[in-house]
Every structure is written in C-alpha cells, then in structure tokens.
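Please keep the sequence and the structure in view while reading.

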Amino acid sequence: MHKAAPASTIGIVALLMTARLAADGPLDHDEVKRLRESGQILPMSQVLEAAYRLRPGQLVEAELEREHDGYRYEIKILDAAGQIHQLELDAANAALIRDSDR
Amino acid sequence: MRSLEGRLHLGLGISLVLLIGAAWWLGHEALHHTADAFVISRLEHDAEGLLGALSVSSDGTPQIGAERLTPVYDQPYSGHYFVISVAGGGRLRSRSLWDEDLQPPTLAAGRTAVWRTPGPTEQRLLAWVGGYRVDGRDLVVAVAEDLSPLSGALMGFERLFALMAVVGLALILLIQRLVVHRTFTRLESVYRDIERLERGKTVYLTEDGPTEILPLVRKLNRLLLRFDQRLERSRTAAGNLAHGIKGPLSMLRQQLRDPGLNIAPAHREALLDQIERLYRIAERQLKRARLAGAGGAGVNFEAAEELPTLARLLTQIHAPKPVDIQLDDRTQGPLELDREDMLELLGNLLDNACKWARSRVCFELGIEHGCLILCIEDDGPGCSEEALAAITGRGVRLDEEVSGHGLGLSIVKEIVDSYQGRIGFARSARLGGLRAEVELPLG
C-alpha cells in the first residue's frame with residue numbers, strides 16, 4: 001500500500017489536470033504555442049488569413065478556447081468602418097463556426 | 001551632339017539628376033535613421049520598465065507583474081513584443097507573440113544590441129536587446145516593434161519626394177528650353193540683316209544681338225567693309241585706266257588720220273580699226289564704273305526700284321527728242337541678278353532703243369519658268385531682214401557695227417552670256433521698230 005500512495009497521488013493530480021484541461025475557457029499563450037508546435041492547431045496566421053477573407057480589417061483580440069470536441073479561435077476584427085466583428089473559427093482547419101453579425 | 005540646346009539640356013539634366021539623387025539618398029538615410037533612433041529609444045524605455053517588474057525565481061523562471069505592462073503587449077500580433085530569456089532557465093514571452101517566438105541573440109550582462117528580425121504575419125521587427133543580471137542570474141531582454149506602418153509612411157513620403165523631383169526636373173528643363181529659345185530669337189535681327197545684305201538693303205549686320213555672338217558679327221562686318229573697299233578700289237582703278245587711255249587713243253587716232261602720215265591706206269584702216277576697238281572698250285569700262293554707283297558687293301537687282309530712275313535718266317539723255325518709255329514691270333522684289341550687270345544690260349538696250357525710237361519705247365519685264373524675260377521695243381525704223389539675220393545669227397560679232405545701225409551690243413551680249421541667257425532680235429509687231437528679247441535664268 002505504501003507504494004500505492006504516490007500512484008494515487010499522481011492519479012489525482014492527473015485527474016485534476018485533466019479536469020482543468022477539459023474545462024472550457026481561454027488558454028494562455030504558452031499553451032497555444034505548445035498546441036501549435038504539436039500540430040493540434042493551425043498557426044494563428046493561417047486562421048487569421050481565413051478570418052480576414054471573411055472580415056477584412058485589423059486584429060484587436062484573439063482567444064483560443066477548448067471545446068469538448070477540439071479548439072476554437074475567438075477572433076475580434078476591427079474593420080475600416082470602425083465596427084468590431086467577432087468570429088469563431090475551428091483552430092484545427094480554420095473553418096468558420098460562427099460570425100456574430102450573421 | 002551638335003545642338004547647343006541639346007548640350008545644355010544634357011549638362012543640366014545630368015547635374016540635376018546627380019544633385020536630386022544625392023538629396024534623395026541623404027533624405028532617405030536621415031529619415032530612416034531618425035525613425036529607427038526614435039523607435040529604439042522607446043524600446044529601451046519599455047525594456048527598463050520590464051526589468052523593473054521582473055523577478056527570477058530560484059529555479060530560473062522569470063516572472064513579471066502583469067499590471068506593469070501596457071495592453072499592447074497582450075494583444076496578439078499587435079506588433080509590440082518582448083522575450084525574456086534566462087540563461088539555463090525559463091523564458092517569458094509577451095502574450096502578443098501568441099503562438100510565435102523570437103530568438104534574440106545571447107548577450108553578456110551590460111551589453112546591448114539592435115537587432116532586426118522578421119515577425120508574425122510578415123512583420124519587420126526592430127528589436128532592442130540587452131543583457132542583464134537579475135536575482136543572481138544572467139538574462140536577455142529583447143523588446144521589438146513592427147516597423148511596417150512607419151516604413152509605409154516613409155515610403156509614401158519618399159515617393160512624393162521622387163515625384164516632385166521628376167516634375168521639378170522636367171520643369172527646369174522646360175524653363176531652360178524657353179530661355180534658350182528666347183535667346184535664339186534674339187539672333188533673328190542678325191538673320192534678317194543677312195537677308196537684307198543679300199538684297200543689298202544694307203552693307204553691315206546689326207550689332208544688337210547677344211554679347212556672345214557680337215565678336216562674330218563684328219568680324220563679319222569688318223570683312224564686309226574690306227570686301228566693299230576692295231571692290232571700290234578695283235572699280236575706281238578700272239575707271240581710271242579707261243579714262244587714262246582715252247586721251248592717248250584720241251591722239252593716236254588723230255595722228256593716224258593725218259594725211260601727211262606716210263602709211264599704206266590698208267594699214268591705216270587696220271590700225272584705226274584696232275584703235276576704235278580699244279576706244280570702245282575704254283568707253284564701256286567708264287560707263288560701267290559710272291552706272292555702278294552706290295551699293296555694296298553682290299547687291300541684287302530690284303526692278304521696281306531701279307527702272308523708273310533709269311527711264312528718267314534715259315529720257316533726259318535723249319532730250320529734246322520726246323521719248324515716252326512705257327514700263328511694264330511684272331516682277332516683285334529683288335531678283336537673283338547682279339544690280340550692276342542688270343543696269344548695264346538694260347541701260348544699253350534702252351539707250352539703243354531710245355536712240356532709234358521716234359517717240360515710243362515699250363519695256364516689258366516678267367518671269368516665266370524661272371527665267372527673267374525682257375522685251376524692249378521701239379517705233380524706230382528697225383533693221384532690214386538681212387541686218388536682223390546678221391545680228392541674231394550665230395557667231396556674229398555684235399560689237400562690229402551693223403550696217404548703218406550702230407548697235408553697240410557687245411556689252412549686252414557679254415552679260416547675257418555670263419548668265420547663260422539668250423538674246424534675240426526681231427521686228428516689233430506692235431511698234432514697227434526693233435524688238436529685243438532677252439532671257440536670263442534666275443538663281
């Protein structure tokens with residue numbers, strides 16, 4: 001039993017981590033970089049290209065959120081008319097999921 | 001390149017292109033240098049701000065008080081980035097770098113460097129890198145800014161400068177062209193004078209031109225004067241010679257006619273004949289010198305100016321016989337014929353016509369097929385058919401007096417020949433007397 005204790009501790013920690021990872025919410029930029037380097041998500045420049053094709057303008061904020069089925073970019077673009085557009089794109093293939101204005 | 005204007009344009013164009021190119025290069029360098037220096041000083045301040053908020057934990061992980069950062073370092077791909085790299089420890093990237101990274105050079109504590117590197121989405125970054133020692137650990141702080149917006153503005157300015165330079169160059173060349181053309185129009189007075197000189201309206205060129213060509217004009221004027229004097233001298237000499245030999249010739253003639261002179265009649269006639277010829281040559285030269293009058297070298301003949309005077313002169317010479325000379329001048333302006341030659345030719349023909357006319361002489365002057373056609377008719381007795389045939393026939397020496405008519409036409413013949421012209425005689429259908437027709441090619 002003595003040896004089980006560390007194992008269970010690791011298990012709990014792993015469980016806690018999974019729980020944290022599974023939780024919805026924005027990821028920090030170091031995690032984003034790791035995900036990108038591991039190939040799980042596209043580089044943001046490619047996602048941005050797709051977003052700019054839909055809404056030309058200037059990037060003002062981006063967030064990467066974990067969903068139960070993958071990762072989702074939330075991108076805010078300021079267009080030439082001064083309007084902010086909020087787009088949601090699939091981080092794995094840059095496909096549009098939601099456009100706040102449509 | 002022979003055109004003065006072309007040379008001026010080339011010279012000015014090359015100088016201006018060099019000057020404007022140098023100014024453009026200097027402006028370009030100064031602008032970029034200033035812009036970079038401005039950005040770098042700001043980056044340096046940001047780096048100092050970061051250092052103030054920076055701490056390194058014992059395991060080498062850099063940490064920063066987030067409240068000390070401006071939001072631009074949090075906004076992804078904002079163009080403002082920083083990287084803190086602890087030697088043998090952790091790294092800290094600004095959130096703005098997002099999924100990208102920068103690899104600043106490693107610097108020892110106390111060293112700084114300026115570094116250029118490409119950034120996310122094709123940004124061109126200018127970075128300030130400094131080596132520090134914080135909490136006992138060596139680390140490098142790199143703060144970078146995207147220069148693209150600034151370069152865009154600078155490029156716009158440089159394009160404007162280049163456009164202005166090209167327009168300015170074109171304008172300056174245009175102005176020079178105008179100046180050169182204005183200068184050359186000032187030469188017009190000289191051109192006009194040369195034309196007037198050709199027509200005999202003036203004897204020298206105006207000195208009212210650009211100072212640069214004044215020496216040339218003065219030299220030409222001196223030359224013209226010298227030619228004129230030379231001509232005058234030779235004319236005077238010919239006149240003097242003719243006058244001088246007339247006296248001795250008269251003496252010779254008288255002595256030859258003296259019946260007391262013991263000489264065979266045939267010889268006497270032959271000698272007298274030769275003396276007559278010499279006498280006529282002298283007469284001709286004298287007449288020539290008198291008719292020449294004023295006027296410079298190579299003065300062209302202008303019928304409208306000369307003929308009325310000539311007609312009046314001849315009427316006076318033949319007074320008291322009332323001779324009416326009818327002039328029909330269909331020419332305009334000066335003709336390409338020497339004034340003296342024409343005066344001599346016309347003077348002789350008209351003089352002859354007046355001599356034989358009862359009261360009327362008709363004189364027509366016209367141009368046909370590039371030839372001047374002269375037609376002089378009188379209402380005198382005219383010539384017999386044989387005499388006409390004799391004076392118009394080939395090889396007839398016109399200076400020999402034609403039976404009883406005294407047509408001293410050798411000068412006329414000589415002048416017509418010198419112009420490769422033709423002369424013909426016929427009976428005048430209009431006035432009944434002699435009709436002389438002369439054809440002189442022009443130009």
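## The sheet of chain A

In this predicted model, chain A holds an open sheet of four strands, ordered S1-S2-S3-S4 and paired in the antiparallel sense. Strand S1 (58-67) and strand S4 (96-99) of chain A stand at the edges; each has a single partner strand, so one side of each is left without a neighbour in the sheet. From one strand to the next, the twist averages 20°.

The pairing of two of these strands can be followed in detail. Strand S3 (residues 84-90) of chain A runs antiparallel to S4(A), and three bridges join the two. Within this pairing, Glu88(A) has Arg98(A) in S4(A) as its bridge partner.

## A helix across the sheet

Which strands does helix H3 of chain A lie across? Helix H3 (residues 44-54) of chain A lies across S1, strand S2 (70-78), S3 and S4 of chain A.

## Chain B in outline

Chain B contains nine helices and 14 strands. Of the 443 residues in chain B, 24% are buried. When contacts in chain B between residues at least 6 apart in sequence are considered, 59% of them join residues at least 24 apart.

## Strand S11 of chain B and its partners

Strand S11 (residues 360-368) of chain B pairs with strand S9 (residues 324-329) of chain B in the parallel sense, over six bridges. In this pairing, Ile325(B) has Val361(B) in S11(B) as its bridge partner.

S11(B) is also joined to strand S12 (residues 371-378) of chain B by eight bridges, and these two strands run antiparallel. Here Gly366(B) stands opposite Ile373(B) in S12(B). S11(B) and S12(B) form a hairpin with two residues between them. In the turn, His369(B) has a positive phi of about 50°.

## Nonpolar cores

Which residues of the largest nonpolar core touch the most other members? Among its 44 residues, these are Phe82(B), Val141(B), Ala142(B) and Val143(B). Leaving aside residues up to four places away in sequence, Ala142(B) touches Phe82(B), Val83(B), Leu102(B), Pro104(B), Trp115(B), Ala127(B) and Val129(B).

Technical notes:
Residues numbered from 1 in each chain as written. Chains lettered and ligands numbered in written order. Predicted model: local features only at pLDDT ≥ 70, side-chain atom pairs only at ≥ 80, totals over all residues. Pairing = 2+ DSSP bridges. Axes fitted to C-alpha atoms, helices over the stretch in contact; angles between N-to-C directions. Contact = placed C-beta atoms within 7 Å. Buried ≥ 20, exposed ≤ 12 C-beta atoms within 10 Å, placed from the backbone. Core = buried A, V, L, I, M, F, W, Y, C linked by C-beta atoms within 7 Å.
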